[in-house]
Every structure is written in structure tokens, then in C-alpha cells.
Amino acid sequence: MLMQGFAGLMWLLYLAMLAFAVVAFVMAALFREDAYRAADKQNKGFWLIILGVAVAVNLLVPMLFLQLAGLVASIVFFVDVRPALRQVSGGGGRGGRGSSSDGPYGPWNGGR
């Protein structure tokens, strides 16, 4: 019974890594090529190949070591590349507007 639970946990882990790689691949495809150059990151084709290989490995090759390499590539994209691309594309969390204390009609801190 313990082995069935472990197998189920591993299956969920594999699905989570696949979903993470697919989301990273789609996000990499949505950014424009010039944003990669402006952010001084590798080009779009490079990231599409790396993340596409990560998706393919997760789908076709049930080897944990290769899947973990794909997970690392996806994490690097999410942690390093995507924030830089969003910054140069003008798609920051607040759209580059104001500070965190700004309300809908101006600052809440009395204009300080």
C-alpha cells in the first residue's frame, strides 16, 4: 500500500513538472523577440528550444534526472528571464505606475 501511495505521489510530481514547463513555454512564446534583446537575455529561439525540450522530456522520457533539468530551466525562466522581459515590455505588476501606497486617485500617504 505504501508503494501505491509513493507511485501516486511521483505521478503528481511528474504532472506538476509538466504543467510548469508548459506554462513557461507558453509565456516564453508570448513575449516579443525584441524584448529578449532589450532585457539582455538569450534570444527567444533559445528559450523556446530549451523549454520545448523540457516539455518533450516530461512527456516522453520518464527519467527523473532529465525532468529535473527541465524544471531548473523553467525555474530560471520564471525567476530571471520573465521579470526582465516584463520590465522592458512595460508589463510590471502595477504597470509601472506609482508606488505601493498609491490609491486609485493618488497617494494615500498625504503626498509624501
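Let's start with where helix α3 touches helix α4. On the α3 side, the contact residues are W47, I50, L51, A54, V57 and N58. On the α4 side, they are L66, Q67, G70, A73, S74, V76, F77 and V81. Contact here means heavy atoms within 4.5 Å.

What classes of residue make up this contact? Ten are nonpolar, four are polar and none is charged. Nonpolar covers Ala, Val, Leu, Ile, Met, Phe, Trp, Tyr, Cys and Pro; charged covers Asp, Glu, Lys and Arg; the others, Gly among them, are polar.

A word on the source. This is a predicted model, where local features need pLDDT of at least 70, side-chain atom pairs count only at pLDDT 80 or more, and totals for chains, interfaces and linings use all residues. Residues are numbered from 1 along each chain as its sequence is written, and side-chain values use heavy atoms, leaving out hydrogens and water.

Now the geometry. Helix α3 spans residues 44-60, and helix α4 spans residues 64-89. Their axes come within 9 Å and cross at roughly 140°. The axes are lines fitted to C-alpha atoms over the stretch in contact, with angles from 0 to 180 degrees between N-to-C directions. That angle makes α3 oblique to α4. Oblique is what remains after roughly parallel (under 35 degrees), roughly antiparallel (over 145) and roughly perpendicular (65 to 115).

Finally, the whole chain. It has four helices and two strands, in the order α-α-α-α-β-β. These are DSSP runs: helices are H or I, at least four residues, and strands are E, at least two, numbered from the N terminus.
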